[in-house]
Structure formats: C-alpha cells, structure tokens
Amino acid sequence: MQATAYTYDPETRTGQVLLDDGTPVPFGAPAFDKGGLRLLRPGQRVRIEVEGDDNRHITLVTLQTF
C-alpha cells in the first residue's frame, strides 16, 4: 500500500502517514526501523504494510520505489 509521509519525529522515530483518501495513520519506531530508513520528510511517498481492518496498524514504512 502507498501513502504520503505526513509527520515524523527523528528522536522517537514515530510519525504519521496520509493514505490516498486523506486518512492519517500513525506508525511507531518498530515499523520505521524495519524499513531501514534513516530519515523521513513530510511529502515523501512511502510504501507501507498494514495489519488490521478497523484498527489499522502499520508494520513497515519504507520509501516507494518504482
């Protein structure tokens, strides 16, 4: 699934992404660390992996590659 980086705190390695419908979804440090990123800037397109339907939980955040 793709999304757009919305917020990111480099100290806690947590933030939020916006889904294409505008829904904000938070992510924690484990999801950020799993993606192997060092930095995330608002506006970057990212690829995410999500678990759950009603209570979405991001398990991976990484840059979108073509």
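Predicted model: local features only at pLDDT ≥ 70, side-chain atom pairs only at ≥ 80, totals over all residues.

Colleague: Noted. How many residues does the largest nonpolar core have?

Modeller: That core has 15 residues. L40 is among those with the most contacts inside it, along with V17, F27, V46, I48, I58 and V61.

Colleague: Which elements each supply at least two residues of this core?

Modeller: There are strands and a helix on that list: β1 (2-9), β3 (24-27), α1 (29-34), β4 (45-51) and β5 (57-63). The largest share comes from β1, with 3 residues.

Colleague: Let's switch to rings. How many aromatic pairs does a search of the whole structure find?

Modeller: It finds 2. One of them is F27 with F32, and that pair is stacked. The centres are 6.4 Å apart, with 15° between the planes.

Colleague: Are F27 and F32 buried or exposed?

Modeller: F27 is buried, at 5% relative accessibility. F32 is buried too, at 1%. The cut-off for buried is under 20% relative accessible area.

Colleague: Which residues do the ring pairs link into a cluster?

Modeller: Y8, F27 and F32. L40 touches each of those three residues.

Colleague: Now charges. How many salt bridges does the structure hold?

Modeller: It holds 3. In one of them, the side chains of R13 and D33 meet at 2.8 Å, N to O.

Colleague: Why does that pair tie together parts of the chain that are apart in sequence?

Modeller: R13 lies in the loop between β1 and β2 (14-18), while D33 lies in helix α1, so the bridge ties together parts 20 residues apart in sequence. Both ends are partly exposed: R13 has 31% relative accessibility, and D33 has 39%.

Colleague: And which residue forms a salt bridge with R45?

Modeller: D20 does, with the closest N and O atoms 2.9 Å apart. That pair also links distant parts of the chain. D20 is in the loop between β2 and β3, R45 is in strand β4, and they are 25 residues apart.

Colleague: Are D20 and R45 exposed, partly exposed or buried?

Modeller: D20 is exposed, with a relative accessible area of 60%. R45 is partly exposed, at 31%.

Colleague: What about E49? Where does its side chain meet R47?

Modeller: In a salt bridge, at 3.2 Å, N to O. E49 is partly exposed, with a relative accessible area of 32%. R47 is partly exposed as well, at 33%.

Colleague: Fine. Next, T62. Where is the place of T62?

Modeller: T62 sits in strand β5. It counts as buried, at 15% relative accessibility.

Colleague: It's a polar side chain. Which backbone oxygen lies 3.3 Å from a polar atom of the T62 side chain?

Modeller: The backbone oxygen of G35.

Colleague: Which residues does T62 touch, not counting those up to four places away in sequence?

Modeller: G35, L37, V46 and R47. You've met two of these: V46 is among the core residues with the most contacts, and R47 is in the salt bridge with E49.

Colleague: Last one, P24. Which strand does P24 lie in?

Modeller: P24 lies in strand β3. It is partly exposed, with a relative accessible area of 43%.

Colleague: How many Å apart in space are P24 and A5?

Modeller: They are 9.5 Å apart, C-alpha to C-alpha. In sequence, P24 and A5 are 19 residues apart.

Colleague: Great, thanks.

Technical notes. Residues numbered from 1 in each chain as written. Heavy atoms only, no water. Core = buried A, V, L, I, M, F, W, Y, C linked by side-chain atoms within 4.5 Å. Buried < 20%, exposed > 50% of the residue type's maximum accessible area, 1.4 Å probe, protein only. Helix = DSSP H or I, 4+ residues; strand = E, 2+ residues; numbered from the N terminus. Contact = heavy atoms within 4.5 Å. Polar contact = N/O pair within 3.5 Å; in protein donor to acceptor, adjacent residues only side chain to side chain. Phe/Tyr/Trp six-rings, centres within 6.5 Å; stacked < 30°, edge-to-face > 60°. Salt bridge = Lys/Arg side-chain N within 4 Å of Asp/Glu carboxyl O.
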